[in-house]
Amino acid sequence: MTDPAQAVPEASPNQSGRLGRNARLGILVGSVVVALAIQLLLFGWSILGLLFIAALIYCVAIYVVSRAVEGHRHAMDRLVTGVVTTAFLIAMVPLVSVTVTIVDRGLARFDAEFFTYSMQGVGAGEVGGAYHAIIGTLIVTGLASLISIPIGLFAGIYLVEYGGKSRVARWLTFFVDVMTGIPSIVAGLFAISLFTLIFGPAYQSGIVGAVALSVLMIPTVVRSSEEMLRLVPNELREASYALGVPKWLTIVKVVIPTAIAGLATGVTLAIARVMGETAPLLITMGAARGTNFNPFEGSMAALPLFAYQQYASPGLDRQASLDTAFTAALVLMIIVMILNVLARLISKFFAPKTGR
């Protein structure tokens, strides 16, 4: 009779062995040390270079060690994981660098004067503030939202609920795709050409900039609203139709409330996307130094324009002008961050509640 202990073959180390956390951490630390030594001896200090060399050494080392201990499949899995993690870290380097630089340089002028004074009457040796630019950004972005949100939502509703596979829906989808990829300066040229035909040459105002931003914003709203409306289950529509509810009322009372969280999130992100545009505003709004609350008459300022002007045409105190430009960028980044947080909160609190 065969002994059961002898019937089951003993697992080889390659099949049963696993790399523990301490082993992987040791390989990582060793890769960083070797990369640091190579960099200092051959290339000199650079955080990006250290990251790249250490990641390359780690990927090779983890593959070799894992193949010897765990086998080919686990080694390939760890290699791909290392490559993906490296790509993520490399992508994070410029993001973190830009954020740290803007916060560090922007805090120099983050004071009450920056938020309460404009550039009206500011002399050669003075700095001034960005009150007029903040007001201009809010007004122009608000007008662009008033233009873009209804058009984008109605276009998305048509594509999902009415268009189907019709020729009009196909052409609308095609033009939305084309508009999504146009350069922002083209939107500015379109807006200034349109108002030049109507009001004559040299017409610059906030409404022209709002129209330019709406050209960039509409495709984003259409795409986001279309995707959110397509996520609404057809069973909800069919149940409403079975009760005799008209289609338009089904859309208003069933479809839109179900997708309201995604719609609000998409709209908020679209607003944040166009708020930082500079190129279309350079040729549509002028370069006002004072506060203008009327978007239909006279030039206006905006935070992106203000930051560009402070950098391109600094005053006698160049360092103060550069600090002001970074502060304008910091304020703009804070506004965009608030909009993104607002979008997340809307998505969380207005999402349809699910139960058992």
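In which helix is the place of Ile90? In this predicted model, Ile90 is found in helix 5, which spans residues 72-106. The relative accessible area of Ile90 is 32%, and the residue is therefore classed as partly exposed.

Ile90 belongs to a nonpolar patch on the surface. Two or more residues of the patch come from helix 3 (21-42) and from helix 4 (47-69). The most is given by helix 4, with 7 residues. Membership of such a patch requires over 30% relative accessible area, and Ile90, at 32%, is partly exposed.

Charged side chains were examined next. The whole structure contains 8 salt bridges. One of them joins the side chains of Arg223 and Asp177, with an N to O distance of 2.5 Å. This pair connects distant parts of the chain, since Arg223 lies in helix 10 (residues 206-230) and Asp177 in helix 8 (residues 167-180), 46 residues apart. Both partners fall into the intermediate class of accessibility: Arg223 is partly exposed at 24%, and Asp177 is partly exposed at 41%.

Arg223 also forms a salt bridge with Glu226, in which the closest N and O atoms are 2.5 Å apart. Here both residues are in helix 10, separated by 3 residues, or about one turn of the helix. Glu226 has a relative accessibility of 5% and is therefore counted as buried, whereas Arg223 is partly exposed. The two bridges of Arg223 are part of a network of salt bridges that links Asp177, Arg223, Glu226 and Arg230.

A further salt bridge is formed by Arg273 and Glu277, with 2.4 Å between the closest N and O atoms. Arg273 is partly exposed, at 38% relative accessibility. Glu277 has a relative accessible area of 13% and, because the limit for a buried residue is under 20%, is assigned to the buried class.

The aromatic side chains form 9 pairs. A pair of aromatic rings is described by the distance of the centres and the angle of the planes. For Phe195 and Phe199 these values are 5.9 Å and 15°, and the pair is stacked. The two residues are 4 positions apart in helix 9 (residues 184-199), so about one helical turn separates them.

Elsewhere, Phe110, Phe114, Phe115 and Phe306 are joined into a cluster by ring pairs. An aromatic ring also takes part in a contact with a charge: the charged end of Lys247 is placed over the ring of Tyr162, at 4.7 Å from the ring centre.

Technical notes
Residues are numbered from 1 along each chain as its sequence is written. This is a predicted model: local features need pLDDT of at least 70, side-chain atom pairs count only at pLDDT 80 or more; totals for chains, interfaces and linings use all residues. Side-chain values use heavy atoms; hydrogens and water are left out. A salt bridge is a side-chain nitrogen of Lys or Arg within 4 Å of a carboxyl oxygen of Asp or Glu. Buried means under 20% relative accessible area, exposed over 50%, partly exposed in between (1.4 Å probe, protein chains only). Patches are made of residues with over 30% relative accessible area and no salt bridge: like charges are joined within 9 Å, nonpolar side chains (Val, Leu, Ile, Met, Phe, Trp, Tyr) within 5 Å. Accessible areas come from the Shrake-Rupley method with a 1.4 Å probe; for residues, only the protein chains shown count as cover. Rings of Phe, Tyr and Trp (its six-membered ring) pair if their centres lie within 6.5 Å; planes under 30 degrees apart count as stacked, over 60 as edge-to-face and the rest as tilted. A charge sits over a ring if NZ of Lys or CZ of Arg is within 6 Å of the ring centre and within 35 degrees of the ring normal.
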